[in-house]
Amino acid sequence: MSDLKDTVIALARGCGFDLVGVTSADDFAADRAAALERIREGRMDGLPWYTESRVMRGTSPSALLPGARSVVCLGLSYFVDSESPRQPESGEGMKSPGRVARYAWVRDYHRVMKRRMRELVRELERELGATISARWYVDDGPMLDRATANRSGIGWFGKNTNILTSGFGSWVFLGQVITDLELEADAPLQKSCGSCVRCIDDCPTGAIVAPYVIDNSLCISYLTIENRGPIPRELRPLMQDWVFGCDICQDVCPVNRKARASAQPIPPPGGTAATGRSSDPDSEGGLAFLDLVELLGMSEEEFRARFAGTSIMRGQAGRDAEERVCCPRQPGRREERAGAFERTA
């Protein structure tokens, strides 16, 4: 069984994953209870798809794959091994910059991760000379990805609820392959954040209401990505310059000081210029900032053409720009709104 596990690990690294861990296909009972409690407390309000039935199904690997015996957890670093891009000054091609979370600087990771996991399963079948039963998921699937990463020994829970890893910090995409192969399980890491509360203290909206507990309705990432209603007026001044996602609790985390980039990183989206007209669209950090004035002036078609193949398509960056300056959504008057915003910027 250890030889088979070594094969899985080697193939996973060959497919471009930086971290590999294995856990059993037993139910995630404790994580299920915690997730259900968060739903009942209203902490997940605004995510209509995050239901109790989804949690029940996603914490039972055998419900997702009958005959499941093991879960292979995979991590892929999205850390950019360079200084954070400097905020554009006035006159550098951007009139009003809005900051984008680091994970969205690269191509849509859902597609890349799923393609690499599919390749891993196919390579494993070729190596074994037999068909295996498997299903794979990223964070748009029902599995509790961070619970799986924690139990498989890839990392441990930070107080901001992110998974922290020894080599790559919290800058990791997570994926899971459920399989009918019997693999030796890894032990969870015996690590914690100790007394550190930097992420809690530095969250401008107070979204981390207790260690390991997020109030979804206060989180900047939720407000700029998943939220489909108006951003509460009292929260707008606290959101700083974030227009898609937020990295504050990760930027201040001491574990991330020694994070390193992936051996096979996801490339940036070619043809996407978002840091001013003089930027290189294919460079790392090419999506680090978006011009809010430009976003307000875009039609739906222009927005889709500009950000096709990126995670920004999954969010509400254009709408958020309007909400941040309290502009009502009035189809056909985008140029007017852009002009009004430019005058107040």
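**Aromatic contacts and cysteines**

Student: In this predicted model, is Phe 173 buried or exposed?
Tutor: Phe 173 has a relative accessibility of 5%. The cut-off for buried is under 20%, so Phe 173 counts as buried.

Student: How many aromatic pairs does the count come to?
Tutor: Two rings pair if their centres lie within 6.5 Å. By this rule, the number of aromatic pairs is eight.

Student: Which kind of aromatic pair do Tyr 78 and Phe 173 form?
Tutor: The ring centres of Tyr 78 and Phe 173 are 4.5 Å apart, with 25 degrees between the planes. Planes under 30 degrees apart count as stacked. The pair of Tyr 78 and Phe 173 is therefore stacked.

Student: How many residues apart are Tyr 78 and Phe 173?
Tutor: Tyr 78 lies in the loop between β2 (70-77) and β3 (97-100), and Phe 173 lies in strand β7 (residues 172-179). Tyr 78 is buried, at a relative accessible area of 9%. The pair links distant parts of the chain, and the separation in residues is 95.

Student: Which kind of pair do the rings of Tyr 103 and Phe 244 make?
Tutor: The centres of these two rings are 6.0 Å apart and the planes stand at 45 degrees. An angle under 30 degrees would count as stacked and one over 60 as edge-to-face. The pair of Tyr 103 and Phe 244 is therefore tilted.

Student: In which strand is Phe 244?
Tutor: Phe 244 is buried, with a relative accessible area of 0%, and Tyr 103 is buried as well, at 18%. Tyr 103 is in the loop between β3 and α5 (109-128), 141 residues apart from Phe 244. The strand that holds Phe 244 is β10.

Student: The charged end of which residue sits over the ring of Trp 171?
Tutor: Trp 171 belongs to one aromatic cluster, whose members include Tyr 78, Tyr 103, Phe 173 and Phe 244. A charged end lies 4.9 Å from the centre of the Trp 171 ring, and the residue it belongs to is Arg 102.

Student: How far from the centre of the Phe 168 ring is the charged end of Arg 260?
Tutor: A charge sits over a ring only within 6 Å of the ring centre. The charged end of Arg 260 does sit over the ring of Phe 168, and its distance from the centre is 4.4 Å.

Student: How many disulfides does the structure hold?
Tutor: A disulfide needs two cysteine sulfur atoms within 2.5 Å. For Cys 196, the closest cysteine sulfur is that of Cys 193, at 6.4 Å, so it is too far for a bond. The number of disulfides in the structure is zero.

Terms used:
Residues are numbered from 1 along each chain as its sequence is written. This is a predicted model: local features need pLDDT of at least 70, side-chain atom pairs count only at pLDDT 80 or more; totals for chains, interfaces and linings use all residues. Side-chain values use heavy atoms; hydrogens and water are left out. Helices (H or I, at least four residues) and strands (E, at least two) are DSSP runs, numbered from the N terminus. Buried means under 20% relative accessible area, exposed over 50%, partly exposed in between (1.4 Å probe, protein chains only). A charge sits over a ring if NZ of Lys or CZ of Arg is within 6 Å of the ring centre and within 35 degrees of the ring normal.
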